[in-house]
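Notebook open. I want to go through the holes in this one and then look at its surface.

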Amino acid sequence: MNPVHIVNGGIGKCIVFTSLLKKLEAKQGSKINIHSVHNEVFDNHPSVEKIIPTYDWLDRKNCVENYREFSDIVHKDPYYSSYVFDDISIKETYFNLYDLEFENDKNDIPITKYSELVSDKYGNKSYFIFQLTGGQSVKSDNYFQNGQYRNYSFDRALRLVEQLSYSFPEVMFLDFSHNNEYNFNYPNVVKYNGNLMGIQTLLKNSLGYLSIDSCLQHIASTKQIDRRGIVLWNDVNTTPEKIGYKENCNLIFSGLTPIQINENTIMEKVENLLKEQS
C-alpha cells in the first residue's frame, strides 16, 4: 500500500496531526505521504516519506496528476465528524478516526537547523514571546478584522505591551507577528523576523509565552519544546478543551468582539509564569 493522507486546514490543525505520525507509520507499515498546504510542518519528520504541497489545490488537473502515483487517497478530517458537537478534543478525534490508541500523545516536530540559526541571530537570549493576533497563520492587510474574534483587542494590546515593558524592564520580549503588523516601540520589545518554524529554538529557550488560539501554542506543545504558556480564548470560536492544552494557563472570553480580557489579569499570570522560570 502507498496511500496519501490529506491534511488540510490551518497550521495548528496540521501541527496537531504530527502527534499521529509515528503510530500511523507503524500501523501502515511504511512512511507517510502527506498532501498539505503547510508542508513546513511535516518536511523535517522522520515518519514522512513525501509531501505534496496544496498550493495548486484549486487546480484539479494538477491535483489529479499528483494523486496518480498513490494507491489510495485518505482524508479523515475532524471537521467532517462528530467532533463538531461531541465533547472531545481535535487530537483525540484524529486518533479515533485513524483507529489509533490515544495516549495524550505530544505534537512532534523535530527542531530544525534553521531555527537554531534564527536563535543565533537573536543572540541566543531567553525571551518572553507573545502573539496577540493570528497574523502568523494568514498574512493580511488588517489583522484585527481578519479573524477578529480570536484576536486580542488592539487597544488593550497597546496598554498590555506597555505594562509588560515597564513592569519587567529586565525581560526581553519577542513579538511573534508579521513585519506589516504594528510595531511596539519599547527598548525591551523586539519584532520576530523569520518564518513559522524558525521560532522553535527561541521558544524552547524562552521564559514562556502569551498567545491567542493560534500556532504558537501548538509549536510550544511539541515534545521537542514542551513549554507552558498563557493562552487567550474567545469561546465564540472554540475552547481549550477542543484544541488547547490543559498544562497552559487558559483565559477565556466570550463575545462577538476581539478578546477583552483585562490587561491586569494577564499581567498577574505573566508575573506568575516568570517567577516559575526564575
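**Cavity and pockets**

I started with the lining of the largest cavity, which by class has three nonpolar, three polar and two charged residues. My classes: Ala, Val, Leu, Ile, Met, Phe, Trp, Tyr, Cys and Pro are nonpolar, Asp, Glu, Lys and Arg are charged, and the others, Gly among them, are polar. The residues I found lining this cavity are Arg 150, Asp 213, Leu 232, Trp 233, Asn 234, Asn 237, Thr 238 and Ile 259. Its volume is about 30 Å³, and I count one cavity of 30 Å³ or more.

Before going on, a note on the model: it is predicted, so I ask for pLDDT of at least 70 for local features and 80 or more for side-chain atom pairs, while totals for chains, interfaces and linings use all residues. Numbering runs from 1 along each chain as its sequence is written, and side-chain values use heavy atoms, with hydrogens and water left out.

How I find holes: on a 1 Å grid over the protein atoms alone, a cavity is a set of points where a 1.4 Å probe fits but cannot get out; a pocket is an open set with protein on both sides within 12 Å along at least five of seven lines; lining residues have an atom within 4 Å of a point. Points are joined across faces, edges and corners, and a volume is the space filled by probe spheres set on them.

Next, the largest pocket: about 390 Å³ of space. It has 20 lining residues, and those closest to its centre are Ser 89, Asn 104, Gly 244, Tyr 245 and Lys 246. H4 and helix H9 (240-243) are the elements giving two or more residues to that lining, and H9 gives the most, with four. (Helices are DSSP runs of H or I, at least four residues; strands are runs of E, at least two; both are numbered from the N terminus.) By class I get six nonpolar, six polar and eight charged residues here.

The second largest pocket holds about 320 Å³. Of its 16 lining residues, Gly 10, Tyr 79, Arg 150, Asp 213 and Ile 243 lie nearest the centre. Helix H1 (11-17) supplies the largest share of that lining, three residues.

**Tyr 79**

I then checked where Tyr 79 sits: in the loop between strand S4 (72-74) and helix H4 (90-97). Its relative accessibility is 44%, so I log Tyr 79 as partly exposed (buried is under 20%, exposed over 50%, partly exposed in between, with a 1.4 Å probe and protein chains only).
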